Every structure is written in C-alpha cells, then in structure tokens.
Amino acid sequence: MKNLLLIVALLLACSMSAKSPELEITPQPLPDGVSAVFPTQGFVEVSGSAYPKGVSNVGVNFSSYIVPNPDNTTPALLYFNDMETPADTTLASSVDVMTNIGGGVVFKGATWNKTGIYKVEIPEGFWKFEEGALTPALTLYYQIYIGYNVLPTPGVVPEIENIVLTFPDADKIVATSNPSLELEFYKDNSDAQYTTAYSIMDYNGDGKENEVVFTIGTSDGISQIFIEPGIFGLRVDAGYFEYITYGPNYAADPTDFVSRKNEALLFKYQIPSIPMPEINPETDYPVESFDYFILYMPDSFEKFFANDRTSSNLYAVNENGIVDDSRSLCRVRFVPENNYENPETEECFPDMIILNLFDVESGEPLESFTPAPGTYCLRLADGLFSGVYTSQIEGVDPEFVNSSPFDYYYIVEDSSAVKNVEEVAAAEEVVTIYTLSGIRVAHNENPAVISSLKPGIYIVNGKKVLKK
C-alpha cells in the first residue's frame, strides 16, 4: 500500500507537464512505523511564497506518538548531487505538539532550492516512540527540476522600478489568458494598487525567452520609479504563466517538452525612510578578509547619532542568494572611542561611522576576520543610527528618524584561486559566462563581451575570473 501511494504521488507530480521529465532518482520505500514524508519523494516544486522552499525542512509522519530523543548524537545528513559527501548536517528536530505523530528536520543551510538531486538520511533514533522504542532510519530522495531567481532580491531596497523573474532551466515562458487571474503591485497592504505590466524576454540573447520583467506604473499607465518609504508587494496568481523546457529530441519530436504553470508568487520589499549609506569596503569588488566597516552618511543627514548598544551581524549567503541569518559569523558594533576625530574633545567624525568586529562567542574585539571563500551579507541592525533627515521627496519636512536594517553583500575570494579575466579571455575563441549565483550572461560569444560586464567575480569557460 505504501509503495502504491508513492507511485500515485509521483504520477500526480508529473501530471503537471505536457510530457513528464525523466526522474533521475529512485524513491525509497518508507520503513514500518512511518506513514508519510513531506515533501513527498520525487519531484519538488520550489517556486512559491516569498522565497523558494526547496528541501531545507523535511517532515515525517509516524503511525504512533513520538517524543524528542535527547540522547541522539547522530545528525541527519543532506547530500546535493555528490552522494558521498554531505552538503549539510543537522541535529535540529521538532515534534508536532498538536498531533505528536509528526516530526520535523531543519537543516541549517537555510533554503536548499538549486536544481539537482538531493538525498536526505535521517538516522535511527532521531526521535523516540512514546513507549520508548527508537524511530527507524530513513533515506529519502528528491529532485528539484526547475526553480527561479528574482531581482531585486526581496527585502530592503533603495528603490523599485522593475522586478525580474528568471527561470534558468526554462527555454520559454508563455503567458496564460485566464481573465480571472490577477497580477497586482500594492503598498502597505492597502487597497491602493498600481498598474502592472509584464513582458517576456530573452535577456541574455541565448535564444531562451525565460525571463519575465514586471514593470510597475501609476493608475494612468505610466511607469515610475518608487522611492517613497513603505512596504511593497508583488502578487502573482498561480497559473498566470507557464514555463517550458524542451527535451533533447524536441527538433525531431515537437512533443518532447515539459510545461509547468507557476505557483502563487508573493515578493515583498521595503523602501526605508532614509537612504542606504555608502560603505567601505565597497561591495562591488571581492575581498579576502574584513578589518572594519565605515559608513558614509548621506548628505541629507544634517546630524546623526550612532547606537553603541546594538550589534549588527555578518552572515553567510547560500548558492541561491538566501541569507543564513540563523547563525552570526561575526558581530559588528559602533565603538565611540574608535570614532573620535579628536580624542581630547571626544568629537566624532562629522560624516561617517566606523564599525568594529567582535567574536560571536567571546565578545572580544577582532583585528581581522577571514571567512571561507563565498558570499556574505553584512546586515546592519534596526536603529543602528538615527538623526535629522531631510527627505528628497518634495513637500516632506525634515524629521528625526531611526535607520532601517540594511544589507550589504560581499564576495570573499582566495586571491590565488581567481584568474585575471584578460588572460583567460585572450586564450579563448568564444566564452560562456555565468555569475556566481548560476545565471548565464553570455553563451559562445566573442571574448570582447567581457568588457561590458559589471565589476565582480564571474565563471568564464569554467574558470573563476575577476572583472575590475
């Protein structure tokens, strides 16, 4: 019966497509005592909610009551593509207090939503049955077939003009024509909505029309750039468009494709009441380590005050651009004595704030912090500074405001592992270029295309390169 349910679940998952993609994994039978797992093994849809869900959380339903097992010291393991080396481990578990038959596994890597194959191993005794017996071990297999990227990343942004949704694995986006479906952009959860138009584009020029560009406008249909403070949301009904991926035999067999409709989407943004300060080190260039951060106050701040009683944090960012804010890697704080322009008079610098680094565990100051190569986010705390701010919006009087949280993203690289972009380009006849987050920006093009790239780290023909 269990196997039959699994087969039915997989058939339902695949019935969404015109022609089912090939499942590259073999879902495992559930052991005795386990009635269901969530997500169901097989294909996992990741597009939905404010962020894709992926397989970061796994739920297990049992046939009888369970309780936590405080004696368990064996972690659950999550593998991604490489089935030999775990990509993530966790001892974090929960029990559904409403039913006591469900347990949850929470991986610390935030959201695992990258296209590929996943294996989850839950050890014996991760929980206990109420009568004392250990829960059985489980091995679960998942395949994420298609996901999406959204720019700007939902969160705090300085302005909103266009919102771009990219489906990296899709070949084509097709708009549906159901008049009952809605697309809306709104402010502060109010009824005041703005007109929203969308277009489907081949942004990279690679023959794949896999990007949806939402353009926001006023009621008279004129597009605009939103800079006024507030909470904004873009909501897209499920089935508003569908994304198509062609199979390898599509040229000979026009039915060799997969077509799936979008799930309901909701992206939320906050435009803060004050602009984001400039920062040093700059975010446009990779760094090898962090020594301190300097914030340069906007000209619109007549006077500001820094808060030395709050801590900001440096977090890791996963491959899909999701900040792992469950674990701070380094504290960042304002220290008054380190900000004196004139120590004798205790007069601070007039237009900047110096932030120093501190160890998370001991609280001791750090001369430098060097994390492993990767992407990191400095998240400034709410109310880190305040002051008299003169708005750039006409008709708004100066006011005393507290700062919002601000996110600054950095790429940390081992300089010896990054090649010079000119040297790599000179040795290649054509180049294919990806960003570090996996978005392709050029395909089999002349190396001269590199000159049009923004500064940063790219993957050029499989090699990491630095574009200055």
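This briefing walks through strand pairing, charged contacts and aromatic contacts in the structure above. The model is predicted, so local features need pLDDT of at least 70 and side-chain atom pairs count only at pLDDT 80 or more, while totals for chains, interfaces and linings use all residues. Residues are numbered from 1 along each chain as its sequence is written, and side-chain values use heavy atoms, with hydrogens and water left out. Strands here are DSSP runs of E with at least two residues, numbered from the N terminus (helices are runs of H or I with at least four). Buried means under 20% relative accessible area, exposed means over 50%, and partly exposed lies in between, using a 1.4 Å probe and protein chains only.

- Strand β27 covers residues 312–317 and is mostly covered, with five of its six residues buried.
- Two strands pair if DSSP finds at least two bridges between them.
- With strand β29 (residues 330–334), β27 pairs in the antiparallel sense over three bridges; here L314 has C330 as its bridge partner.
- With strand β34 (residues 374–380), the antiparallel pairing of β27 runs over five bridges.
- β27 and β28 also run antiparallel, joined by two bridges.
- A316 has a bridge partner in each of two strands: Y376 in β34 and D324 in β28.

- D324 belongs to strand β28, residues 323–324.
- D324 is buried yet has no salt bridge, and the nearest side chain of opposite charge, R327, is 5.0 Å away.
- What does the side chain of D324 make a polar contact with? Its partner is the side chain of S326, at 2.5 Å.
- A polar contact is a pair of N or O atoms within 3.5 Å; within protein, one must be able to donate a hydrogen and the other to accept it, and residues adjacent in sequence count only if both atoms are side-chain atoms.

**Salt bridges**

- A salt bridge is a side-chain nitrogen of Lys or Arg within 4 Å of a carboxyl oxygen of Asp or Glu. By this rule the count comes to six salt bridges.
- R235 and E182 meet through their side chains in a salt bridge of 3.0 Å, N to O. This pair links distant parts of the chain, 53 residues apart: R235 is in strand β20, and E182 is in the loop between β15 (172–175) and β16.
- R235 also forms a salt bridge with E184, where the closest N and O atoms are 2.8 Å apart. E184 sits in strand β16, 51 residues from R235 in β20.
- E184 is buried at 11% relative accessibility, whereas E182 is partly exposed at 42% and R235 is partly exposed at 25%.
- E182, E184, R235 and D237 are linked in a network of salt bridges.
- D325 and R379 meet in a salt bridge of 3.5 Å, N to O. D325 lies in the loop between β28 and β29 and R379 in strand β34, so the pair ties together parts that are 54 residues apart in sequence.

**Aromatic contacts**

- Rings of Phe, Tyr and Trp (its six-membered ring) pair if their centres lie within 6.5 Å; planes under 30 degrees apart count as stacked, over 60 as edge-to-face and the rest as tilted. By this rule the count comes to 13 aromatic pairs.
- One of these pairs is F185 with F226, which is tilted at 5.3 Å centre to centre and 55° between the planes. F185 lies in strand β16 (residues 183–187) and F226 in the loop between β19 (211–216) and β20 (230–236), so the pair ties together parts that are 41 residues apart in sequence.
- F185 is buried at 0% relative accessibility, and F226 is buried at 0% as well.
- F290 and Y410 form an edge-to-face pair, 5.4 Å centre to centre with 80° between the planes, and both residues are buried.
- F62, F126, W127 and F129 form one aromatic cluster.

**Charges over rings**

- A charge sits over a ring if NZ of Lys or CZ of Arg is within 6 Å of the ring centre and within 35 degrees of the ring normal.
- The charged end of K119 sits over the ring of Y79, 4.5 Å from its centre, and that of R333 sits over the ring of F358, 4.1 Å from its centre.

Technical notes
Lys and Arg count as positive and Asp and Glu as negative; His and the chain ends are not counted.
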